[in-house]
Amino acid sequence: MSDPEGVPLADYIRVVRDQLETAQQEGAGRGVKFGVGAVELEFEVTMAREASGRGGLKLWVVEAGADGKHSGGRTQRVRMTLAPTDDAGRPLSVTDRLPELPR
């Protein structure tokens with residue numbers, strides 16, 4: 001089976017991670033701090049066999065508005081909740097600390 005027209009699920013999650021890291025970097029040294037709570041994702045996926053020698057199955061995030069069938073596979077709606085943390089396992093924040101509390 002050829003690759004569906006979509007994004008592999010791992011790539012989709014990698015982009016979310018990259019965007020959170022970018023927000024952290026851009027927020028460094030800023031006065032306002034935002035904690036990141038649960039990140040809820042909802043998308044439609046289709047399952048396809050991997051073309052490489054390893055075989056196996058791979059989930060693909062498909063374009064919104066798919067008609068229920070995509071590249072010979074059926075789509076499923078998936079909801080996923082991620083809890084982002086830093087390297088030490090602490091809840092993620094996207095900016096630096098406030099120099100003092102707002103009044």
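The structure is a predicted model, in which local features need pLDDT of at least 70 and side-chain atom pairs count only at pLDDT 80 or more, while totals for chains, interfaces and linings use all residues. Residues are numbered from 1 along each chain as its sequence is written, and side-chain values use heavy atoms, with hydrogens and water left out.

The average pLDDT (the predictor's confidence in each residue, from 0 to 100) is 75 for the chain, and 69% of the residues score at least 70. Where pLDDT is low, the predicted coordinates should not be read in detail.

The chain holds 1 helix and 5 strands; here helices (H or I, at least four residues) and strands (E, at least two) are DSSP runs, numbered from the N terminus. Read from the N terminus, their order is β-α-β-β-β-β. Of the 103 residues, 26% count as buried, where buried means under 20% relative accessible area, exposed over 50% and partly exposed in between (1.4 Å probe, protein chains only).

In soluble globular proteins, nonpolar side chains tend to be buried together. A nonpolar core is a set of buried Ala, Val, Leu, Ile, Met, Phe, Trp, Tyr and Cys residues joined through side-chain atoms within 4.5 Å. The largest one here has 12 residues: Leu9, Val16, Leu20, Val36, Val39, Leu41, Phe43, Val45, Val61, Met80, Leu92 and Val94. Helix 1 and strand 2 (39-49) are the elements that give two or more residues to this core, and strand 2 supplies the largest share, 4 residues.

Individual residues show how the chain comes together. Neighbours within four places in sequence are left aside in each of the following contact lists. Leu41 is in contact with Tyr12, Val16, Val78, Arg79, Met80 and Leu82. Met80, found in strand 5, is in contact with Leu9, Ile13, Val39, Glu40, Leu41 and Phe43. Thr81 is also in strand 5 (residues 73-82), and its contacts are Ala38, Val39 and Glu40. The C-alpha atoms of Thr81 and Gly37 are 10.0 Å apart, although 44 residues separate the two in sequence. Ser93 lies in the segment after strand 5 and is in contact with Gln24, Lys33, Phe34, Gly35 and Val36.

Finally, the chain has a pocket to explore. On a 1 Å grid over the protein atoms alone, a pocket is an open set of points with protein on both sides within 12 Å along at least five of seven lines, and lining residues have an atom within 4 Å of a point. The largest pocket contains about 320 Å³ of space, a volume being the space filled by probe spheres (1.4 Å probe) set on the points, which are joined across faces, edges and corners. Its lining consists of 14 residues, with Arg17, Leu20, Pro84, Thr85 and Leu92 nearest the centre. Helix 1 (residues 9-27) gives the most to this lining, 6 residues.

Definitions and conventions:
Contact = heavy atoms within 4.5 Å.
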